[in-house]
Amino acid sequence: MADHAAANGKESYVTAALNCIDLSNPDIHQSAALIKQACMDSGIFYVINHGISEELMAEVFAQTKKFFTLPWEEKMKLRTGRNRGYDTRSKKIDSQTNKELNGEQFMMVRELPYSDKEAENPLTGPNVWPSADILPGWKETMLKYQQAVLNVGTAVARIIAVALDLKVDFFDQPAFLGNALPYVSLNHYGAEDVDPSKEYLLGTPAHCDPPIITLLATDDVPGLQICKDKHAKAQIWQNVSPLKGAFIVNTGNTLERMSNCVFRSTMHRVLYRQDRYTIAFLLYPSNDAVIECIPSCKSAENPPKFPPIKSDELLRVIANDIVAGRVTRDATDA
């Protein structure tokens, strides 16, 4: 979605100018300065040279498309009613705009057997998978990608630590990211029989992501929009253009809470008019991690804005909100 007016003249959006973080840059302080600027401004930036091969990315997108082209009955076999497996947004209504949502998704949590004590937590436990007879190699490809993008997310977290005047391994502590929760959502925004003269379809309503950060891989179809000032009564939306080979990274409510609102979680939504595929990776801390204000972001003059809370307790609040149809739009919502 480059700068344009809608064909029916209803809306016009400008394209956001985003910082680009090169993970191959040996100067971590230079990268940290760029991230700090981005996170204090809008909470969103690009990451390039992340180390995941073009071949793996191409295979993940190819397998994603294969899944969503399965018959509806096959996909519905994997609908769990929890945040794993298949789900559809169709016939759901955004409470803020009263518009119908569009799209479908497949979700993966951190794989654990039922016997594990953490298996009942919202983002851990057994996943469900399409049959290997129908999609051979699908599960293996997705698990390989989940681990690869977890490595990228951890690398970005190290730069964020430096940006917050912390030790580079602050988030690497075993009690924080030692058993990180790597949540993956494969997304398909269908646009069959869409009249390009009409309004955009609403794929995802305006919201802020709950985790530390989200890394989004996209095809070349635009659709993501951000609002820099989520507290403004008159919200101004900007397009985020896809960048080939890059992740679009946005900060989440967990990082906003921990930074005492120094770093801002990003309000975003999806408006689209073409068939679109994306793969979102949400980096959550370990279930036992304590989400509290980090030392460099508090003082006598600027005390913590949020009380400490265990990660799994915060996740349960978020999960209950999702079940109830409430969308997290701010760190103060949880």
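Which residue forms a salt bridge with Lys-228? Asp-41 does, and the closest N and O atoms are 3.1 Å apart. A salt bridge here is a side-chain nitrogen of Lys or Arg within 4 Å of a carboxyl oxygen of Asp or Glu.

A quick word on the model. It is predicted, so local features need pLDDT of at least 70 and side-chain atom pairs count only at pLDDT 80 or more, while totals for chains, interfaces and linings use all residues. Residues are numbered from 1 along each chain as its sequence is written, and side-chain values use heavy atoms, with hydrogens and water left out.

Back to the first pair. Lys-228 forms its salt bridge with Asp-41. The two sit 187 residues apart: Lys-228 in the loop between β12 (224–227) and β13 (237–239), Asp-41 in helix α1 (residues 28–41). Helices (H or I, at least four residues) and strands (E, at least two) are DSSP runs, numbered from the N terminus. Lys-228 is partly exposed at 32% relative accessibility. Asp-41 is partly exposed too, at 34%. Buried means under 20% relative accessible area, exposed over 50%, partly exposed in between (1.4 Å probe, protein chains only).

Next, Arg-79 and Asp-87. Their closest N and O atoms are 3.0 Å apart. Arg-79 is partly exposed at 37%, but Asp-87 is buried at 16%. Lys-92 joins these two in a network of salt bridges.

One more pair. Arg-158 meets Asp-172 in a salt bridge, 2.8 Å from N to O. Arg-158 lies in helix α4 (residues 138–163) and Asp-172 in the loop between α4 and β9 (181–189), so the bridge ties together parts 14 residues apart in sequence.

The structure holds 10 salt bridges.
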